[in-house]
Amino acid sequence: ATPEAQMTSETLSKWWGVFQDPKLDALIDSALKNNRDLEAAQARVEEARAQLGIAKGEMLPWFDLGGGWSRSELPKGVASKALPGGADVIKRNNQSSHLGIDASWEPDFFGRLKAGKQAAVHDLAAQHAALYSTWVTLSAETALNYMSLRTLQADLAIVQRHAALEDEKTQLLQDNFDAGLISGYPVESMRTQQKSTAAEIPKLKESIQETLTRLSVLTGTELGQLDDLLTPQDLPQIDPCLYHAIPAENLRQRPDIYEAEQKLAAQVARTKEARAELKPRFTLEGFLGLLTLGGTNLFSSAARGFALAPSFAMPLFHGGTLRQNVKYQDAKAREYQAEYENAVLKAAGEVQDAMTSIVQEKERKDSLYQGTASAQ
């Protein structure tokens with residue numbers, strides 16, 4: 001199935017519910033609604049949809065309602081030479097009026113307009129995929145910064161506790177030194193270590209604030225609206241076995257692959273359109289309405305008229321631009337073909353690396369838990 005059939009911002013935001021963290025869910029939801037980059041991506045989708053409408057409209061007959069009236073006077077000398085009987089009048093008055101419908105239509109015998117419409121269809125699909133890719137990237141970056149925030153808060157708590165313990169130990173050593181039980185070296189050594197540990201606290205607080213600022217930008221909120229996240233909280237947990245349940249065919253649903261595929265399809269259609277430009281172009285034009293000359297009644301039965309004018313045009317010499325355009329579009333199609341294949345290979349590698357990283361990280365976590373138990 002294509003991303004168009006399966007992905008929405010609601011379903012994507014629900015996916016992050018596997019972490020069972022309401023604050024993370026709220027951040028993802030806010031990012032998918034308020035992020036400025038996302039608004040730009042949505043606008044590009046609307047642009048592509050409008051272009052598709054234009055391409056469809058070019059395949060249909062065009063009708064225009066028009067009308068007009070004119071009156072002219074010719075001097076005697078001009079009338080006598082230019083018009084029959086003009087020598088007997090001082091001036092010749094001419095009036096004309098028309099009201100009717102002009103129509104034009106280009107039969108698409110060689111598929112030029114159809115290829116243009118197909119290119120617009122694939123362009124729209126590619127912009128949809130780009131929007132989905134923005135959704136995925138945005139939600140993942142929001143989640144990553146949220147995880148970083150919780151990790152930094154946990155690190156800050158550990159460093160603060162460690163600094164407090166070192167301060168107590170320093171004071172204990174100072175008491176022993178004052179009692180003459182030890183030399184001054186252990187006291188100064190521990191005080192130096194305690195100051196070094198305490199120096200890490202401002203750095204961690206700065207990193208926490210920077211992470212909060214990034215989250216504000218990602219979620220499209222003003223600074224200070226995410227202060228409730230300052231309350232430390234444990235990292236959200238997830239069952240590692242869920243990762244192994246992801247089917248391999250989901251690789252085909254990656255938005256970046258789908259976008260590259262649709263760009264290639266659109267370029268193939270543009271290549272067909274360029275080749276069709278070398279063929280004759282047929283046009284059928286017509287008029288149906290009312291037409292009068294000499295000031296007679298425009299709405300009389302005698303004023304009714306119509307015209308039909310089929311025509312064709314065959315390109316003979318355009319300085320080689322049409323054939324060069326075909327070569328250009330062919331080269332562009334090969335470029336998109338290479339980009340599509342590269343996107344597939346890159347995506348497969350990223351998925352493989354991610355799955356390997358998950359397995360290795362689980363083994364590392366198990367080892368650390370065993371080491372913690374032994375240390376206790």
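Glu-350 is partly exposed, with a relative accessible area of 34%. In this predicted model, the side chain of Glu-350 meets that of Arg-254 in a salt bridge, 2.8 Å from N to O. Let's look at a few of them, and then at a pocket.

- Side chains of opposite charge can pair when their charged atoms come close.

**A network of partners**

- Salt bridges that share partners join Glu-106, Arg-112, Glu-277 and Arg-281 into one network.
- Within this group, Arg-281 forms a salt bridge with Glu-106, and their closest N and O atoms are 3.6 Å apart.
- Arg-281 is found in strand E3 (residues 281–293) and Glu-106 in the loop between strand E2 (92–105) and helix H6 (112–178), so this pair links parts that are 175 residues apart in sequence.
- Are these two partners buried or exposed? Glu-106 is buried, with a relative accessible area of 17%, whereas Arg-281 is partly exposed at 32% relative accessibility.

- Glu-188 forms a salt bridge with Arg-191, where the closest N and O atoms are 3.0 Å apart.
- Both residues lie in helix H7 (residues 185–198), three residues apart, which is about one turn of the helix.
- Glu-188 is partly exposed with a relative accessible area of 45%, and Arg-191 is partly exposed too, with 27%.

**The second largest pocket**

- Rolling a probe the size of a water molecule over the atoms shows where empty space is left.
- The second largest pocket holds about 230 Å³ of space.
- Its lining is made of 14 residues, and Gln-51, Ala-55, Gly-116, Ala-119 and Ala-120 lie nearest the centre.
- Which elements give two or more residues to this lining? They are helix H4 (36–57), H6 and H9.
- H6 supplies the largest share of the lining, seven residues.
- Sorted by class, the lining has six nonpolar, two polar and six charged residues.

Notes. Residues are numbered from 1 along each chain as its sequence is written. This is a predicted model: local features need pLDDT of at least 70, side-chain atom pairs count only at pLDDT 80 or more; totals for chains, interfaces and linings use all residues. Side-chain values use heavy atoms; hydrogens and water are left out. A salt bridge is a side-chain nitrogen of Lys or Arg within 4 Å of a carboxyl oxygen of Asp or Glu. Helices (H or I, at least four residues) and strands (E, at least two) are DSSP runs, numbered from the N terminus. Buried means under 20% relative accessible area, exposed over 50%, partly exposed in between (1.4 Å probe, protein chains only). On a 1 Å grid over the protein atoms alone, a cavity is a set of points where a 1.4 Å probe fits but cannot get out, and a pocket is an open set with protein on both sides within 12 Å along at least five of seven lines; lining residues have an atom within 4 Å of a point. Grid points are joined across faces, edges and corners, and a volume is the space filled by probe spheres set on the points. Ala, Val, Leu, Ile, Met, Phe, Trp, Tyr, Cys and Pro count as nonpolar, Asp, Glu, Lys and Arg as charged, and the others, Gly among them, as polar.
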